[in-house]
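Biologist: I would like to go through this structure term by term. For each label, please give the value, the rule and then the conclusion.

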Amino acid sequence: MKKLMLATAAIALGAGGAFAEDVKIGLSLGFTGPLESMSPNMAKGAEMAIEEANASGKFLNGSKVTAARADNTCADAAAAVAAVERLVTAEKVNGIMGGMCSGETIASLERVGVPNGMVMISPSATSPALTDLEDGGFFFRTSPSDARQGEVMADIALERGAKSVAITHTNNDYGKGLAESFKSAFEAKGGTVTMLQAHDDGKADYSAEVAALAAAGGDALAVVGYVDQGGSGIMRGALDAGAFDTFILPDGMVAQGLVDRFGAELETSFGQNPSSEGEGRTKFNDLATAAGFDGTSAFAGESYDAAALILLAMQAAGSADPRVYKDKVMDVANAPGEKISAGEIGRALELIAAGTDIDYDGASAVELVEPGESAGTYREVDFKGGQMNVVGMR
Amino acid sequence: MDILNALVAILNFVVIPAAAYGAQLALGALGVTLIYGILRFSNFAHGDTMAFGTAIVILLTWGLQSLGVSLGPLPTALLALPLGIALTALLALLTDRWVYRHYRQVRAAPIVVVMASVGVMFVMNGLTRLVIGVDEIQFADGARFVISVPQFKAMTGLTEGLALRTTQAITLAIAALSVWALFAFMNRTRAGKAMRAYADNEDLALLSGIDPDRVVRLTWIIATGLAVLAGTLYGLDKSFKAFNYFQILLPVFAAAIVGGLGSPLGAIAGGFLIAFSEVALTYPWKKIAEYLGFEPAGLLQMLGTEYKLAISFVILIVVLLVRPTGLFRGKAY
């Protein structure tokens with residue numbers, strides 16, 4: 001602890017004294033576990049933002065930024081706490097882009113982030129529970145709360161003619177939170193929920209779950225789960241048994257892995273995930289393609305933005321000390337100020353250094369509402385022709 | 001017509017999936033029970049033996065596919081099975097030589113051997129991941145369905161559909177075949193009789209000139225064969241994921257214990273009992289009741305599906321309380 005305080009003090013001193021200082025950003029993502037297929041592109045998104053800042057040479061008087069990856073497994077809160085603890089104590093990071101899944105994020109925030117005064121900006125933890133958490137101002141997210149996704153999901157389902165649905169959700173904070181917010185929104189708008197059922201990930205067999213959902217019936221099945229886990233297992237069973245052929249798929253399921261698995265069988269299914277369109281998104285996708293990864297992958301843009309916000313807030317505060325720059329995150333993310341799109345981190349750093357206010361939009365049109373989460377734009381997708389098509393924004 | 005619909009719905013959602021799952025559990029439990037009966041310890045590495053064997057079968061399947069070999073409507077993996085079993089059995093024999101033989105020679109207490117098998121489990125666990133990785137792999141090819149829902153509906157004109165996947169049919173056929181072969185071997189051949197004698201009374205078996213090393217070798221080969229069969233059938237029917245094979249260890253052991261550890265018949269009964277109670281007790285009977293002319297208010301579901309694992313354990317506890325040796329009078333050491 002003493003060492004840590006010394007280190008923090010040294011960093012604060014260094015930054016305050018206008019020395020070029022090496023800054024480290026931790027990336028806490030589930031490189032193994034239920035969302036392992038999304039993590040690599042998210043990490044690459046964040047690392048791209050870091051490289052941009054380095055290339056500009058404008059960051060905190062020419063400081064270099066490095067990234068340190070940590071595997072939080074997404075599912076195992078104890079492993080996530082250990083991973084984040086390692087980032088804070090051994091890697092001595094100045095900020096963390098992460099966590100990834102809601103349960104693990106809550107645990108590592110409460111047990112490591114807040115006690116150690118570490119800023120954590122999550123690109124993808126969407127549980128409504130995080131809105132009301134005592135975070136001491138250290139937690140932000142570039143994704144919206146699932147309270148909002150539930151509303152959007154209900155709208156899309158009703159517009160597409162699903163009047164009654166069965167819901168199955170993964171048995172964790174994310175699944176429960178989103179499933180319940182979808183259920184209440186869907187019922188408030190006049191739909192019927194025939195069954196709300198939890199499924200456990202990584203089980204040997206899902207015939208019992210599929211049988212129960214089929215018996216409850218409905219126009220469509222909402223699968224609030226993970227594509228690399230039970231979510232796909234249940235869909236496989238439901239399709240084979242002819243129980244459902246239309247699926248309502250939220251952000252945990254909308255991924256390339258889903259199309260690879262089911263392809264043409266998704267013809268009538270639809271879904272949504274947090275994302276945005278427009279100039280920033282297109283620019284980010286181009287940059288990602290140039291950097292050799294898929295920018296359209298879920299939460300890749302949000303990860304880029306989360307890392308960028310940390311860097312810009314540091315620049316605005318003139319310090320890499322999380323206790324200092326945490327107060328600048330909302331400032332750089334929101335109006336007033338010069339609009340900053342994806343790929344313009346260098347320009348933003350220059351503007352801040354010159355004393356100009358900025359309004360960071362980045363890849364996902366970042367607009368943070370209190371207490372530090374994205375207001376939320378979603379893209380509506382369908383799977384006609386055996387591929388994922390973005391059909392609109394909400 | 002309505003009664004037919006009700007029957008088809010039960011078949012489609014309860015009987016067929018539970019029977020296929022039950023057969024997979026039964027094959028796994030048979031291996032566990034054989035090792036318990038003859039080598040006298042609970043082999044915790046069984047789940048990971050299933051995973052390792054399946055990984056080898058998948059690699060061989062890929063090899064065959066790249067050579068252009070296929071079995072038409074049947075999965076190519078069936079062709080790869082014999083060699084996969086042979087290779088995995090080789091590993092099991094080596095494990096016995098390096099680990100278990102020592103404990104047999106010093107006549108270690110069963111619990112010591114069980115702990116050794118936990119160690120073997122972790123090694124196998126890592127080995128499987130080194131060989132094939134952690135990702136989910138679909139390796140079933142050939143025709144997906146014997147009967148699919150749209151075909152069935154067109155054929156019969158019923159509102160309820162019925163699906164029978166090729167892998168489900170194969171699972172049931174192969175399970176029946178291998179159980180028949182196992183019992184024929186155990187009851188008719190000299191080697192099988194020697195194994196049973198060794199299981200009943202080791203000292204008497206040794207006195208009557210039975211070679212203990214041969215019995216041990218045979219046991220490992222047969223148990224591993226059953227494990228690889230169970231693993232491959234399960235992987236074909238669902239998908240291969242190393243982690244899931246670790247999870248399946250639990251229901252497999254539950255099945256073996258419920259049936260009576262050491263009793264092959266018990267293992268089969270236990271497998272089906274666990275699978276059917278998991279599916280049937282959590283199935284909402286509303287639709288069936290409607291077809292039969294009732295108008296139920298609720299879903300008529302006895303238990304939420306979240307509790308399906310608990311069902312196996314409740315059965316386990318009840319059996320252990322009422323009949324500690326299991327349904328078919330296994331042995332307890």
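Modeller: This is a predicted model. Chain A has 14 helices and 16 strands, and its C-alpha trace spans about 70 × 40 × 35 Å along the principal axes.

Biologist: How do you know whether chain A agrees with a compact globule?

Modeller: For 394 residues, a compact globule would have a radius of gyration near 21 Å. Chain A has 21 Å, so the value agrees with the rule. Buried residues make up 61% of chain A.

Biologist: Which domains is chain A divided into?

Modeller: Domain 1 takes 2-145 + 278-374, and domain 2 takes 146-273 + 378-393. The centres of the two domains of chain A are 30 Å apart, taken over C-alpha atoms. The contact between them takes 18 residues from domain 1 and 20 residues from domain 2. On the side of domain 1 that touches domain 2, 10 residues are nonpolar, seven polar and one charged.

Biologist: What makes strand β6 of chain A largely enclosed?

Modeller: A residue is buried if 20 or more other C-beta atoms lie within 10 Å of its own. Six of the seven residues of β6(A), residues 164-170, are buried, so the strand is largely enclosed by the rest of the structure. β6(A) pairs with strand β7 (residues 192-199) of chain A in the parallel sense, over seven bridges. The bridge partner of A:Thr170 in β7(A) is A:His199.

Biologist: Is A:Thr73 buried or exposed?

Modeller: A:Thr73 has 22 C-beta neighbours inside 10 Å. The cut-off is 20 or more, so A:Thr73 counts as buried. This residue lies in the loop between β2 and α3 (77-89) of chain A.

Biologist: Why is A:Asn61 called partly exposed?

Modeller: A:Asn61 has 15 other C-beta atoms within 10 Å. A residue is exposed at 12 or fewer and buried at 20 or more, so A:Asn61 is partly exposed. Its place is in the loop between α2 (39-56) and β2 (65-71) of chain A.

Biologist: What makes the backbone angles of these residues worth a remark?

Modeller: Most residues other than glycine have a negative phi. Phi is near 60° for A:Asn61 and near 65° for A:Thr73, both positive values in residues other than glycine.

Biologist: Which peptide bonds are called cis?

Modeller: Most peptide bonds are trans. A cis bond joins A:Gly98 and A:Gly99, with omega about -10°. Another cis bond joins A:Glu370 and A:Pro371, with omega about -5°. A:Gly99 is in the loop between β3 (95-98) and α4 (102-116) of chain A, while A:Pro371 is in the loop between β13 (368-369) and β14 (373-374) of chain A.

Biologist: How do you know that helix α11 of chain B is enclosed?

Modeller: 10 of the 11 residues of α11(B), residues 249-259, are buried, so the helix is largely enclosed by the rest of the structure. The buried residues include B:Leu249, B:Phe253 and B:Ile257. Their cover includes α1, α2 (46-66), α10, α12 and α14 (308-322) of chain B. Just after α11(B), B:Gly260 takes a positive phi of about 110°.

Biologist: How many residues does each chain give to the contact between A and B?

Modeller: Chain B gives 31 residues and chain A gives 23. On the side of chain B that touches chain A, α1(B) gives the most, with six residues.

Notes: Residues numbered from 1 in each chain as written. Chains lettered and ligands numbered in written order. Predicted model: local features only at pLDDT ≥ 70, side-chain atom pairs only at ≥ 80, totals over all residues. Contact = placed C-beta atoms within 7 Å. Helix = DSSP H or I, 4+ residues; strand = E, 2+ residues; numbered from the N terminus. Rg over C-alpha atoms; globule rule 2.2 N^0.38 Å. Domains from an automatic or database assignment. Nonpolar A, V, L, I, M, F, W, Y, C, P; charged D, E, K, R; others polar. Pairing = 2+ DSSP bridges.
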